[in-house]
Amino acid sequence: MAIVGLTGGIGSGKSTIARLFGELGIHWVDADNVAREVVEPGTSALKAIAGHFGSDILDANGALDRAKLRTIVFEAPEERTWLESLLHPIIREELIRQLHPADYPHPYVLLVTPLLYETDQHQLVDYSVVVDVPVEVQIERTMSRDTNTRDQVERIIAAQMPREERRDRADAIINNNRPLADVERQVHDVHKRILVDLV
């Protein structure tokens with residue numbers, strides 16, 4: 001069974017596109033969700049993070065304060081490197097487990113990840129689809145969705161692969177700055193292409 005990577009910068013609408021593939025019956029796993037699962041209270045990863053950054057990285061319920069952690073790692077690159085070296089192997093192992101559903105009738109599954117090309121996750125996939133929107137749209141969507149300042153969003157975008165480079169590496173591109181009906185048509189077209197290219 002093939003694995004198709006679905007990626008795009010922050011605020012590009014990867015989850016929306018994944019749900020549209022899901023409506024076609026395609027199983028998808030969101031790396032952001034897995035990243036949250038592996039640091040839930042009681043996990044060894046969360047204990048390691050609290051041991052490294054101190055217990056004030058946890059909220060009142062003992063869960064990871066993701067906003068506080070995000071601020072730290074984007075202001076201190078060496079802390080980001082430490083965190084990634086801890087979490088990426090754990091996330092990869094869990095992704096592989098979730099990407100192999102039992103009794104699945106389709107020839108491919110979808111790995112939804114913002115860091116497909118920036119991490120070794122690209123080694124897991126046979127085909128890649130980029131969800132693309134202009135950078136200004138990324139900034140506006142992310143600021144309206146999260147409690148991030150423009151400066152924070154711009155730093156997150158700067159830490160990700162440049163838009164043009166991501167587009168150049170894609171096997172297919174979905175323009176998610178279009179009306180929903182057009183986006184749905186693009187998803188159907190890409191789905192058909194994947195079936196032809198991979199089967």
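1. Helices here are DSSP runs of H or I with at least four residues, strands are runs of E with at least two, and both are numbered from the N terminus. Leaving aside neighbours within four places in sequence, Leu86 is in contact with Ala45, Ala48 and Ile49, where contact means heavy atoms within 4.5 Å. Met161 is 75 residues from Leu86 along the chain, and the C-alpha atoms of Leu86 and Met161 are separated by 21 Å.

2. Before going on, a word on what you are looking at. This is a predicted model, in which local features need pLDDT of at least 70 and side-chain atom pairs count only at pLDDT 80 or more, while totals for chains, interfaces and linings use all residues. Residues are numbered from 1 along each chain as its sequence is written, and side-chain values use heavy atoms, with hydrogens and water left out.

3. Next, have a look at the loop between β1 (2-7) and α1, where you will find Ser12. Is Ser12 buried or exposed? Ser12 counts as buried, at 1% relative accessibility. The cut-offs are under 20% relative accessible area for buried, over 50% for exposed, and partly exposed in between, with a 1.4 Å probe and protein chains only. Not counting residues up to four places away in sequence, Ser12 touches Val131, Val133, Arg141 and Asn176.

4. Asp103 belongs to another loop, the one between α5 and β3 (108-112). At 80% relative accessibility, Asp103 counts as exposed. Its backbone also deserves a glance: phi of Asp103 is near 50 degrees, a positive value in a residue other than glycine. For background, most residues other than glycine have a negative phi.

5. Now to the charged pairs. How many salt bridges does the structure hold? The structure holds 11, a salt bridge being a side-chain nitrogen of Lys or Arg within 4 Å of a carboxyl oxygen of Asp or Glu. Helix α7 (residues 150-159) contains both Glu154 and Arg150, four residues apart, about one turn of the helix. Their side chains meet in a salt bridge at 3.0 Å, N to O. Glu154 is partly exposed, with a relative accessible area of 36%, and Arg150 is partly exposed at 34%.

6. Helix α7 has another pair to show you: Asp151 and Arg155 are four residues apart, about one turn of the helix. Here the side chains form a salt bridge at 3.3 Å, N to O. Asp151 is partly exposed, with a relative accessible area of 44%, and Arg155 counts as partly exposed at 30% relative accessibility.

7. In helix α9 (residues 180-198), Arg185 and Asp189 are separated by about one helical turn because they are four residues apart. Arg185 forms a salt bridge with Asp189, the closest N and O atoms being 3.0 Å apart. Arg185 counts as partly exposed at 42% relative accessibility, and Asp189 counts as partly exposed at 34%. Salt bridges that share partners join Arg178, Asp182, Arg185 and Asp189 into one network.

8. Helix α9 also packs with helix α1 (residues 14-23), at an angle of about 60 degrees and with the axes 10 Å apart. That makes α1 oblique to α9. Axes are lines fitted to C-alpha atoms, for helices over the stretch in contact, and angles run from 0 to 180 degrees between N-to-C directions. Under 35 degrees counts as roughly parallel, over 145 as roughly antiparallel, 65 to 115 as roughly perpendicular, and the rest as oblique. On the α1 side, Ile17, Leu20 and Phe21 meet Val183, Glu184, Val187, Val190, His191 and Ile194 in α9. The residues of this contact divide into seven nonpolar, one polar and one charged. Ala, Val, Leu, Ile, Met, Phe, Trp, Tyr, Cys and Pro count as nonpolar, Asp, Glu, Lys and Arg as charged, and the others, Gly among them, as polar.

9. Finally, return to helix α7 and its partner, helix α4 (residues 66-75). Their axes come within 11 Å and cross at roughly 60 degrees. That makes α4 oblique to α7. Which residues meet where α4 contacts α7? Arg70, Thr71, Phe74 and Glu75 in α4 meet Gln152, Arg155, Ile156 and Ala159 in α7. The residues of this contact divide into three nonpolar, two polar and three charged.
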